[in-house]
Amino acid sequence: MRQILNDFDARWLLLLACLGGCGNEDAPVVGGGVDPTDSRSDVGGALDGALPTDTASASTATKDADTALSSAPGTDPAADAAADVPSDSAPADTAPVDAGCTSVAACPAGPTPCQVATCLGGACGLAVAADGIPCTDGNACSVGDACKNGTCQPGAPVACNDGNPCTADSCAAAVGCLSQETTQTCDDNNLCTGGPGAGGQGGDACAGGNCVPGPALDCQDTNPCTTDSCSPSVGCVHAPSSQPCQDGNACTVGDTCLNSACGPGAATVCNDGNPCTDDACQPGVGCAFSPSSKLCDDNNACTSGDLCKSGTCVAGVPPACDDQNPCTTETCDPSQGCKNIANSLPCDDGSACTAGDLCNGGSCVPGKPVTCNDGNPCTDDGCAKASGCSFQASTATCDDGNGCSLLDACKDGVCLSGVAKACDDANDCTTDACVPAKGCVSTANGLPCNDGSVCSVGDVCQGGSCVPGKAVACQDGSPCTNDACDPGKGCVFPVNAAPCSDGNVCTLGDGCTGGLCGAGSLKVCDDANLCTSDACHPLDGCVAPANALPCDDGSACTNGDACAGGKCVPGKAVACIDGNLCSDDTCDAGVGCVFPPNAVTCSDANACTGGDVCQAGGCVGKALNCDDGNGCTSDYCDAQKGCQTLVNAAVCSDGSACTAGDVCTGGACKGNAINCDDANACTIDACDLAKGCTQTHAGDGATCPGGTCKAGDCLLSGLIAHYAFDEGSGLKFLDSSGNGNDGTHNAAYVLGKKGKALSFGGSALGKVQGAGPTFTWGAENADYSVAYWIFIVAAQPNWVAPFHKSNLGGGDCCQGGQRAPAQFFIPGKTNLICVMATAAAANHYNGVGTGNLPIGQWTHFAAVHADGAQLLYLNGKLVLTDVLGSATVGGPGLLFLGGDGYYSALNGYMDEVKIYSRALTAGEVAADAL
């Protein structure tokens with residue numbers, strides 16, 4: 001480059017010398033080489049003033065040309081100076097001068113592609129090349145260099161990326177792209193390498209410029225029901241298998257893998273054929289047969305409710321052979337069961353109109369009719385089978401008790417007087433007369449008379465009556481009739497039901513029936529000996545000849561017992577063998593074969609038990625404890641191999657209350673730290689490993705957004721009253737704002753949204769009488785806010801004002817045209833409306849409803865009055881806005897909670913009631929609703 005510049009300067013010196021020596025003093029030099037105003041053209045000594053000047057004009061011209069050169073684009077003044085010195089000092093000052101150019105081809109090329117040669121007016125020069133012409137800026141780290149404003153500007157950076165993750169790519173200006181080997185981790189795109197991490201990450205590493213695979217991925221999932229393999233594109237593959245497996249339950253057989261899990265096979269059949277054992281299967285033991293106490297059958301028709309005891313069926317109680325027929329006598333045959341034999345006992349035929357009913361042929365035969373007489377001549381006496389005697393009013397004639405009236409008649413069961421009568425009582429033994437005050441009067445006489453009965457003779461009047469004479473004797477000598485005399489008929493002999501004897505010793509309880517002595521029940525001849533045939537002889541009575549029938553000698557240890565000589569002779573001994581190593585084969589005379597369990601050592605052929613010993617008739621081993629104490633392993637026992645352990649991914653507990661979502665990973669329980677931030681600036685949040693999140697109150701007076709802390713709550717500025725209802729007892733609730741606006745109540749305390757709450761139960765009430773001027777609030781043209789939590793138990797049956805402020809001391813918020821804030825429920829619903837009574841008329845409200853509130857859960861309600869507008873919030877969100885006009889406000893008045901004393905009380909709870917003398921912001925309402 002330096003040589004090019006020196007050659008360029010020499011040629012210009014020759015050109016300038018030529019121009020000076022040719023006498024062209026006034027000719028302009030194209031390209032700015034000569035000052036066109038200078039008439040002196042000699043430039044031979046104008047380069048640097050170091051050479052002696054030939055003429056004054058030449059010196060001036062040279063100076064102008066030198067100036068033009070030094071200012072030409074792309075020239076280097078320092079290079080010019082270095083080139084000028086030897087030229088001016090050499091004796092070539094008089095050398096021949098270049099005669100000029102006729103075309104650009106005769107001119108030397110520009111020093112860079114961004115400068116082009118020119119030939120103007122016979123003189124060579126340089127011009128700026130067009131923008132965009134390719135060039136080289138000398139930096140190998142750029143491509144697409146191009147000329148701009150005569151200089152070569154770098155193009156786009158070279159993209160040095162050889163696509164090898166194991167080389168670090170860079171660029172050097174002198175040589176271009178460089179690649180240097182690295183030892184960083186890489187990915188060989190094989191999901192089966194790289195160690196335990198998924199996708200091959202963490203194990204592959206660069207070496208020698210190549211990505212070397214890491215250790216093979218362990219795809220063993222310890223699940224015997226999967227076939228484990230690895231696919232380079234997928235990773236671990238756990239294909240379900242269908243091979244036999246062991247589900248750890250001794251109560252299944254033929255377990256087989258299904259859907260990657262060991263599925264139980266068929267249930268183990270446990271049946272020892274004994275109805276008096278409970279056959280069951282225990283997953284860790286297998287079949288177990290325990291004696292039961294359920295009902296069974298001992299094959300004796302004369303027992304019922306047979307019950308299993310110690311594995312054997314024991315006879316129950318005799319059966320109820322009573323057929324509910326009083327006219328049969330019940331017996332029981334062991335092989336046939338109950339028998340019912342007809343008797344002749346007294347009975348009841350079911351009719352209330354008979355008496356003395358008796359059994360005959362197994363049925364109840366009616367006795368004598370019942371006499372129904374109520375002594376009232378004005379009733380018809382009758383009898384109904386179901387109810388017995390009945391007495392219906394009649395219209396018969398009667399006697400009203402007045403001896404001076406005749407033809408008395410019955411009406412509605414009462415005897416009414418008839419016409420007057422002559423006092424003749426038709427009694428021969430009286431002398432008759434009638435006294436109006438007393439009625440008929442009869443005076444007794446002593447004349448002979450007839451008492452109207454054929455059962456007496458020699459009758460005579462005595463005391464106004466005919467007294468019977470001597471009685472007629474009536475007797476028929478039969479024990480089954482009653483000897484009597486009928487006054488109209490004479491002697492009569494009605495049959496009776498008296499006991500009697502029919503002369504047969506094989507009947508008992510003989511009784512009269514229809515005037516005859518009937519046989520009673522058959523005499524039971526039972527000597528309680530099955531080996532005699534009991535019978536009854538009409539003359540001799542009971543006889544019991546011996547028989548040879550099968551019998552039971554009372555021992556369950558013999559079979560085929562038979563009667564001989566009137567006694568039961570034992571049969572063959574019963575063979576008692578149950579084939580069970582764990583029971584002793586014995587026979588109990590009262591029970592039969594019994595197999596009491598023993599306690600000898602045995603083997604249950606199960607690798608999951610140890611110390612096997614006979615117990616309750618079965619070989620029972622103590623289940624091995626395969627629990628390794630780690631909840632993150634699934635411990636089980638294989639009947640063939642013993643204890644087995646698999647790593648699981650179960651939900652677990654790491655023992656810390658400060659973590660959540662604990663889950664087993666790699667055999668250890670790990671959880672994620674929980675967030676204990678309760679979004680309350682007035683609590684200090686921490687986490688106790690045993691208790692979990694703890695929130696302790698920040699000190700009272702500590703600052704919080706918009707207010708100060710007190711008892712863990714952020715009390716915003718402008719707080720008039722705050723009722724937390726955390727007293728828990730008593731009839732007073734306190735204002736924790738410090739303004740002393742305490743209240744009284746007759747409600748009950750319940751668990752609230754925060755701490756305690758008041759439950760009004762549809763009848764209770766809370767009242768607050770403001771203590772000072774701070775309690776005068778609620779005008780529509782003044783800002784205020786009310787917030788509380790409310791829990792609705794059920795839709796309200798009537799108007800309810802859970803929050804009601806009276807500005808005049810009474811209960812009505814609009815008394816005397818005054819206004820006060822209140823919240824009401826629409827009757828029968830859970831619509832909550834916030835209202836302000838208008839000044840126009842009492843009981844006229846305007847306000848806006850919030851819509852139905854949920855039943856059975858807490859809802860945060862807030863009403864904010866700001867600049868004449870009323871804003872309603874539910875759970876911290878603005879739901880409605882209403883604009884109200886202005887009105888006057890009365891004195892401090894009463895604040896009612898839960899009701900106002902006029903309408904129904906709230907069937908629900910209230911908590912955390914807060915009243916402010918300013919409008920809360922939306923953010924403050926949202927924070928209070930947390």
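Are Lys 914 and Asp 928 buried or exposed? Both Lys 914 and Asp 928 are buried, where buried means under 20% relative accessible area, exposed over 50%, and partly exposed in between (1.4 Å probe, protein chains only).

Before the next selection, please note that this is a predicted model, in which local features need pLDDT of at least 70 and side-chain atom pairs count only at pLDDT 80 or more, while totals for chains, interfaces and linings use all residues. Residues are numbered from 1 along each chain as its sequence is written, and side-chain values use heavy atoms, with hydrogens and water left out.

**Salt bridges**

Keep Lys 914 and Asp 928 selected: their side chains meet in a salt bridge (2.7 Å, N to O). Lys 914 belongs to strand β79 (residues 908-916) and Asp 928 to helix α4 (residues 922-928), so the pair ties together parts that are 14 residues apart in sequence. Helices (H or I, at least four residues) and strands (E, at least two) are DSSP runs, numbered from the N terminus. A salt bridge is a side-chain nitrogen of Lys or Arg within 4 Å of a carboxyl oxygen of Asp or Glu, and by this rule the count comes to four salt bridges.

Next, select Asp 278 and Lys 294, whose side chains form a salt bridge (3.7 Å, N to O). Asp 278 lies in strand β17 and Lys 294 in the loop between β18 and β19 (307-309), so this pair connects parts that are 16 residues apart in sequence. Asp 278 counts as partly exposed because its relative accessibility is 34%; Lys 294 is likewise partly exposed, at 38%.

Then move to Asp 742 and Lys 732, a salt bridge whose closest N and O atoms are 3.9 Å apart. Asp 742 sits in the loop between β65 (732-733) and β66 (743-745), and Lys 732 in strand β65, ten residues apart. Asp 742 is partly exposed, with a relative accessible area of 25%, and Lys 732 is partly exposed at 45%.

**The largest pocket**

Select Asn 274, Ser 310, Gly 311, Thr 312 and Cys 593: of the 47 residues that line the largest pocket, these are the closest to its centre. The volume of this pocket is about 1,500 Å³. On a 1 Å grid over the protein atoms alone, a pocket is an open set of points where a 1.4 Å probe fits, with protein on both sides within 12 Å along at least five of seven lines; lining residues have an atom within 4 Å of a point. Colour β18 next, as β18 gives the most to the lining of the largest pocket, with five residues. By class, this lining has 22 nonpolar, 18 polar and seven charged residues.

**The second largest pocket**

Which residues are the closest to the centre of the second largest pocket? Of its 32 lining residues, they are Cys 332, Asp 333, Pro 334, Asp 526 and Leu 530. The second largest pocket holds about 1,100 Å³ of space. β21 gives the most to its lining, with four residues. The lining comprises 13 nonpolar, twelve polar and seven charged residues.

**A final selection**

Finally, select Val 419, which lies in strand β32 (residues 419-420). At 44% relative accessibility, Val 419 counts as partly exposed.

Conventions
Points joined across faces, edges and corners; volume = space filled by probe spheres on them. Nonpolar A, V, L, I, M, F, W, Y, C, P; charged D, E, K, R; others polar.
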